[in-house]
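This report covers a pocket, a helix pair and a sheet. The structure is shown first, and the description follows.

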Amino acid sequence: MYLASLQLDAFRNYNSLSVQFSPGLNVLYGDNAQGKTNLLEAIHFLATGRSHRTSRDQDLIMEGRPALRARAEVVRKTGSIEVELNYGLETRKQLKINGVPERKIARLVGSLAVVFFSPDDLQLLKGPPSGRRRFLDLELSQISQNYLHHLMTYNRLVNQRNTLLKQPTVDAHLLAVYDDQLVETAAQLIVRRAEAVRRLSPLAAHFHALLSDGREDLRLAYQSQGVDEEGQADLDSVAARLRRALASLQGEERRRQVTLVGPHRDDIAIWVAGRDARLYASQGQQRTAVLALKLAELQFMTEEIGEAPVLLLDDVASELDPNRRNYLLAAVQEGVQSFITCTDLEDLMARQWPAGHRLFRVQSGTVNLDERGLP
């Protein structure tokens, strides 16, 4: 798949933008604070319905404007799709697919799939578990509407259950109803996440071995109250483990007034050279491991949906050394539409670029095609 065109109105610092992209490599260059990351953010917004930088949709609207509009033409193996999102300070988010209004924003997810790599992702290893859960949820939601449905249902149930636990007197019957619904939905999420991590682990290990010249190995495991020590999970066994955990933690949950059981408490264990990367990985090892994870994500999603997602690379030149950067760029050239932002083109010059790439200069909220191209 690839993003053929993008139109923005009042999105961040883009007053009005219309641009067509190469189905291969697209390089966006310019000084800082000109709009390069905003452009990638707009693509992510059209793919997922939300920003990767803020939870406040109103932050995306250009200052002084009442509403934004983002529209894209996406070319898939099955044909072209036109996706449009509108959002205003006084209106709800509105989605159109091929010009037809959709009642649920969740219908957007899957029309355009993306893998995003930014400097913030380097915290994926040593940051809190929530970042690693978000990594899985975003990946799986883009390839499965069913997963997204269960995730949204589960989050709503946890919020409702937490509200109940905060009551002076907890209705035991209502709590039991929530427990049944929570276990059923949580088991669906845990089984799918555990399966994804089992498949990501050898893919990430493969890319990590290439990046480290085989000097170190990488291994992943899904950590959850619902899976066994081998990471194996089926719906019945996961549900049984969750029910036992709920029973054993019932008193603690009431005391702390919060749900302590379920996939919102899970994590991904990451080992580099047999050591817990979250505790012992050096800065260089972190970069290599995160890069291997992102390449594994790209491969996994390609296998799942039958075509490569769009790759968004934000300022990788400043965070990756030349060897890692060149490996990443070489690995994604064939059959993957890529967007790369940079401030200095010299960081990208020392390689042979594929035919058909496009070079864009981003300046003060404008995007202009640079006919010079790259060597």
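Helices are DSSP runs of H or I with at least four residues, numbered from the N terminus. The model described here is predicted.

The largest pocket has a volume of about 1,700 Å³. Its lining comprises 50 residues, and R50, R134, D137, L138 and L151 lie nearest the centre of the pocket. Helix α3 gives the most to this lining, with ten residues. At least two residues each also come from α1 (36-48), β8 (114-117), α2, α4 (172-211) and α8 (283-305). The table divides the lining of the largest pocket by class.

| Class | Residues in the lining of the largest pocket |
|---|---|
| Nonpolar | 16 residues |
| Polar | 19 residues |

Helices α2 (residues 129-143) and α3 (residues 145-165) pack with their axes 5 Å apart, at an angle of about 130°. The angle makes α2 oblique to α3. On the α2 side the contact involves D137, L140, S141 and I143, and on the α3 side Q145, Y147, L148 and L151. By class, five residues of this contact are nonpolar, two are polar and one is charged. D137 and L151 take part in the contact and are also among the residues nearest the centre of the largest pocket.

An open sheet of six strands runs in the order β8-β12-β13-β3-β14-β15, with mixed pairing. Its edge strands, β8 and β15 (366-370), each pair on one side only. On average, neighbouring strands of the sheet are turned by 20° against each other, direction ignored. Within the sheet order, β13 is next to β3; β3 (residues 25-29) and β13 (residues 338-342) pair in the parallel sense over five bridges. N26 stands opposite F339 in β13.

Definitions and conventions: Residues numbered from 1 in each chain as written. Predicted model: local features only at pLDDT ≥ 70, side-chain atom pairs only at ≥ 80, totals over all residues. Heavy atoms only, no water. Axes fitted to C-alpha atoms, helices over the stretch in contact; angles between N-to-C directions. Parallel < 35°, antiparallel > 145°, perpendicular 65-115°, else oblique. Contact = heavy atoms within 4.5 Å. Nonpolar A, V, L, I, M, F, W, Y, C, P; charged D, E, K, R; others polar. 1 Å grid on protein atoms, 1.4 Å probe; cavity = no way out; pocket = protein on both sides within 12 Å on 5 of 7 lines; lining within 4 Å. Points joined across faces, edges and corners; volume = space filled by probe spheres on them. Pairing = 2+ DSSP bridges.
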